[in-house]
Amino acid sequence: MIKELSFALYAIKKNIQSSAELRTSFLMNIVGMTINNTAFIIIWVFFVKSVGVIHGWTAADIIGLLGFSSLSYGVVHSIASGIGLTAEYVSSGSFDRFMVSPKNLLIRIATSRFSASAIGDIVFGLVCLGVYSFLIHISIVQIILMVFLVVVSTMVFLAALIAVMSASFLFTDAHAVTSSLFELFLTPTLFHGGSFQGATRFIFTFFIPSLIAGALPVEIVRDVSLEKLVIVSVVAIVWFLLSLKLFTAGVKKYESSNLMTFGN
Amino acid sequence: MDQDSIVVSSLSKSFSFPIKNPSVGWIKNLFNPEIKEITAVDDISFSVKSGERVAFIGPNGAGKSTTIKMLTGILFPTSGEIRVLGLDPSNDRKKLAYKIGTVFGQRSQLLPNLPLTDSLEFFGVMYDLSDREIRHRIKELSELFDLGSFIDQPVRKLSLGQRMRAEVVVSLIHKPKIIFLDEPTIGLDVVAKKSFRDLLLKINKEENTTIFLTSHDVGDIESLCERTIVINHGTLVKDLPTQELARTFVKEKNIDITPNTTFSVFPELPEGLKYAVKSKDKITVIIDISKIGVQEALRKLLDVFMVDDINVYDTDLETIIRNIYESNPAR
């Protein structure tokens, strides 16, 4: 396992170097994504200021929500960006080269690409969480909770990505299907947490675990709710294990193809 | 050369896919389509000795790539058994990867934006080689494959010939016992092809690497492989030494005649002989050796033509292979 992780770190380093070779594109991606996210937060904050507090959610909570979601999205898409390309790899047949690799298949695919724009998400996420911490006068316990919940949120993002991309093995040219499925998970991670109540809250916690990526971590940090913390952690672990199972089952259905491709 | 590197027993692979039935509506075709199953590889068995150079050939869609993908662990067989270096590729995929190298002519394994050295180092690390081993192996392969002039260039700036050489070097970085090559010379010019084949022969000789190659290029088969396995419609058609391929399947010989007279109407030829080329300066006649012997054919031709020069030669390997393919029509 140590060899696998050490190779994964090395592969990430090489991917960053490879992306950085195309300097302009690399920098534009990072700056572009940070600006994009900032515009998004301005819209939400103005919305909350006009409408007022909804189900206990304030403008500061929205900043926290975007902090968790952006940071975990950014981490997943920087260290495991390749998983998002599984549908392309499968439909073009370039998945073959991962199958002949001596490393863990999922780690090898995950580290096959690096998304420069994900750095923009990480920077934005960290800034948002910093601002949120300041606005809520964060305590030591809340800081510990926040750090732990960033890990949980990242785990659930990764699980959702792996689970969705496992569908790549079931359909021919599954790119559109997997994109739509991931959007189904991603879009609610950025929504106002107060808008999910009753059945929608249940569905988007257990069946589509979007709330675990942002809204529930904010509520746990704000309310210091250990009960919710346990539920969120268990659901994230279950989703992660389930996604690994789905991926392994999907690989067994891989049929390769002979489209011509070039490069990584 | 005594140990078996590859043992394949009763190997089959089927694929199924939906097909459109024009006699029913699009809704039925969308939600309940007919499923067609094709058998890409049908009950094949063969073995390859350590250090052998084997061409695995067949027309398009014969099952070559499917077989090579099962041998390397990319595809799971429907039935049958495979042992590559004593391992089952389906269950021991990672272990096997440490012992084999693969080159797929249609795709690259290299890191396109970085210098070639980075790709070599990357694969060295992937195969758990130490820094010292990686440096030593890069130096060794760089000299052997003459990479010096372009090893520091980004991969996307390499010519196709340079890139293919680099692909082979990457696949040899961990000293594999077998190298599988699927259409490795596709798109290369004649000079690059020759240099590529020479390098593979060298690596086979110096490191006793088993070579298992699929190619449509007869030159690859003739100059590189001592044994040829022919597959068509998923079944093994022939398995014999490449030299014997010509001897066993030569049904025709060619005779080039330089006539010293000109013809306005070319004379009829006896049974077993037919014209391939009819021109003022050169006549080529094909002898069907199942119907007429070479000596008899020459005698009859010399009765008909006054000649300045005559040349008898075998049918080329490409024609022989085409004949084998055509003698096994679709089932």
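Axes are lines fitted to C-alpha atoms, for helices over the stretch in contact, and angles run from 0 to 180 degrees between N-to-C directions. The model shown is predicted: local features need pLDDT of at least 70, side-chain atom pairs count only at pLDDT 80 or more, and totals for chains, interfaces and linings use all residues. Residues are numbered from 1 along each chain as its sequence is written, while chains are lettered from A and ligands numbered from 1 in the order in which they are written.

**View 1. Helices α8 and α12 of chain A.** The axes of α8(A), residues 140–165, and α12(A), residues 215–223, come within 9 Å and cross at roughly 165°; helices (H or I, at least four residues) and strands (E, at least two) are DSSP runs, numbered from the N terminus. The two helices are therefore roughly antiparallel to each other, a term for angles over 145 degrees, with those under 35 counted as roughly parallel, 65 to 115 as roughly perpendicular and the rest as oblique. On the α8(A) side, the contact is made by Gln142(A), Leu145(A), Met146(A), Leu149(A), Val152(A) and Ser153(A), and on the α12(A) side by Pro217(A), Ile220(A) and Val221(A). Two residues are in contact if their C-beta atoms, placed from the backbone, lie within 7 Å. Seven of these residues are nonpolar, two polar and none charged; Ala, Val, Leu, Ile, Met, Phe, Trp, Tyr, Cys and Pro count as nonpolar, Asp, Glu, Lys and Arg as charged, and the others, Gly among them, as polar.

**View 2. Strand β5 of chain B.** Five of the five residues of β5(B), residues 100–104, are buried, so the strand is largely enclosed by the rest of the structure. A residue is buried if 20 or more other C-beta atoms, placed from the backbone, lie within 10 Å of its own, exposed if 12 or fewer, and partly exposed in between. Ile100(B), Thr102(B) and Phe104(B) cover one face, and Gly101(B) and Val103(B) the other. Five bridges join β5(B) to the parallel strand β6(B), residues 178–182, where Phe180(B) is the bridge partner of Thr102(B).

**View 3. The side of chain B that touches chain A.** The contact takes 28 residues from chain B and 25 residues from chain A. Elements giving two or more residues to the chain B side are α2 (64–71), α3 (93–97), β5 and α4 (116–126) of that chain. The largest share, four residues, comes from α4(B). By class, this side has 14 nonpolar, eight polar and six charged residues.

Note on methods:
Two strands pair if DSSP finds at least two bridges between them.
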